[in-house]
Amino acid sequence: MGKVNNFLKDHILGVFLTSVAAGLLSTWLFQVFPFANDEREVVKGEIVLTHFGEYTEKYGVRFDSPPKLQFLNEYGSTYSGGAVDVLEHGNDGFVYKLARGFAVGEQLTWVATGTLEEN
């Protein structure tokens with residue numbers, strides 16, 4: 001037990017001072033060299049299906065590039081297998097049509113995830 005206590009006494013101060021110095025250095029680096037903001041914005045919308053033609057939806061915001069677009073069912077699960085055909089996908093909205101498996105009156109949720117365009 002004596003060797004362990006001696007080792008900790010001899011080195012604990014050095015470890016503590018090194019960690020404090022590393023923390024201060026990293027704080028300074030983040031202030032001097034700010035990193036790019038990679039935050040993603042999530043925008044959601046709901047649609048009640050009224051017909052089987054094409055639909056046009058606007059996000060209400062403008063993304064830097066076309067965002068990742070998902071469609072969710074009433075249970076929050078992602079539709080897969082081509083249930084929704086996206087015909088046009090832009091920075092401010094999308095045009096789509098239903099491929100199969102829906103009934104008039106059903107509710108569909110879309111989720112767009114991406115980086116917003118700066119003003």
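## Surroundings of T109

Apart from its neighbours within four places in sequence, T109 contacts G45, E46, Q70, F71 and L72, where contact means heavy atoms within 4.5 Å. T109 lies in strand 6, residues 107–114. Its relative accessibility is 16%, so T109 counts as buried; the cut-offs are under 20% relative accessible area for buried, over 50% for exposed, and partly exposed in between, with a 1.4 Å probe and protein chains only.

## Basis of the model

This is a predicted model: local features need pLDDT of at least 70 and side-chain atom pairs count only at pLDDT 80 or more, while totals for chains, interfaces and linings use all residues. Residues are numbered from 1 along each chain as its sequence is written, and side-chain values use heavy atoms, with hydrogens and water left out.

Strands 1 and 6 run antiparallel and are joined by eight bridges. I47 has L108 of strand 6 as its bridge partner.

## The chain as a whole

The chain has one helix and six strands, in the order α-β-β-β-β-β-β from the N terminus. Helices (H or I, at least four residues) and strands (E, at least two) are DSSP runs, numbered from the N terminus.

Of its 119 residues, 24% count as buried. Among contacts with a separation of 6 or more, 70% are between residues 24 or more positions apart.

Notes: Two strands pair if DSSP finds at least two bridges between them.
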